[in-house]
Amino acid sequence: MPKRGGTEVFRITGARQGLADDVRGRQRRYIISMTVRTLSVIAAAVLWNVERHVAVVALALGILLPYVAVVIANAGRETAPSLPSTFVPAPVRPALGAPEASEDAGTERPYGRN
């Protein structure tokens, strides 16, 4: 069904993710990072006298992960430069042109009429 006038048409594929979904995703990434950090600190404490090299790596991971988790969680909302524009201009319908005159216009008629 055609739209009347010059109405604007919007594409939903160009819409950004909702704010609640964005916050929920960032919280989920932060909790996962902090869980990995907590497990690495516990592993460092448990392995300190058993396997010192692994404990040092786990401790370094436990020290660096809070910074990384905060940077990831506070990253801004996504940008969508590759998605199409949210505004799509209404299609322009060309007007019908005048029929072209042919050289043999008077000799033959369509549909077998003479």
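Visitor: Which are the buried residues of H1?
Guide: They are Asp22, Gly25, Arg26, Ser33, Met34, Ser40 and Ala44. Keep in mind that this is a predicted model.

Visitor: What covers them?
Guide: The cover over the buried residues of H1 includes H2.

Visitor: Let's take serine 33. Where is it?
Guide: Serine 33 sits in helix H1, which runs over residues 19-47.

Visitor: And why does serine 33 count as buried?
Guide: Its relative accessibility is 14%, and buried means under 20%, so serine 33 counts as buried.

Visitor: Which residues is serine 33 in contact with, leaving aside its neighbours within four places in sequence?
Guide: Those would be Leu65 and Ala69.

Visitor: Back to H1 itself. How many residues does it have, and what does it reach from its first C-alpha to its last?
Guide: H1 has 29 residues and reaches 42 Å between those two atoms. That is close to the 42 Å expected at 1.5 Å a residue.

Visitor: Switching to the surface: which residues form a nonpolar patch there?
Guide: Trp48, Val56, Leu59, Ile63 and Leu64 form one. Together they have about 470 Å² of accessible area.

Visitor: Where is valine 56 found?
Guide: Valine 56 belongs to helix H2, residues 52-73.

Visitor: Zooming out, what does the secondary structure of the chain come to?
Guide: Two helices and two strands. From the N terminus on, the elements run β-α-α-β.

Visitor: How many residues are in the chain, and what share count as buried?
Guide: The protein chain has 114 residues, and 12% of them count as buried. Its accessible surface comes to about 10,000 Å², with 62% of that belonging to carbon and sulfur atoms.

Visitor: What about contacts between residues at least 6 apart in sequence?
Guide: Among those contacts, 78% join residues at least 24 apart.

Visitor: Last topic, confidence. What pLDDT does the chain average?
Guide: The average is 75, and 61% of the residues score at least 70.

Visitor: Where is confidence lowest, and where is it highest?
Guide: Strand E2, residues 87-88, is lowest at a mean of 62, while H1 is highest at 88. Where pLDDT is low, the predicted coordinates should not be read in detail.

Definitions and conventions:
Residues are numbered from 1 along each chain as its sequence is written. This is a predicted model: local features need pLDDT of at least 70, side-chain atom pairs count only at pLDDT 80 or more; totals for chains, interfaces and linings use all residues. Side-chain values use heavy atoms; hydrogens and water are left out. Patches are made of residues with over 30% relative accessible area and no salt bridge: like charges are joined within 9 Å, nonpolar side chains (Val, Leu, Ile, Met, Phe, Trp, Tyr) within 5 Å. Accessible areas come from the Shrake-Rupley method with a 1.4 Å probe; for residues, only the protein chains shown count as cover. A salt bridge is a side-chain nitrogen of Lys or Arg within 4 Å of a carboxyl oxygen of Asp or Glu. Helices (H or I, at least four residues) and strands (E, at least two) are DSSP runs, numbered from the N terminus. Buried means under 20% relative accessible area, exposed over 50%, partly exposed in between (1.4 Å probe, protein chains only). Contact means heavy atoms within 4.5 Å. The expected span of a helix is 1.5 Å times one less than its number of residues. pLDDT is the predictor's confidence in each residue, from 0 to 100.
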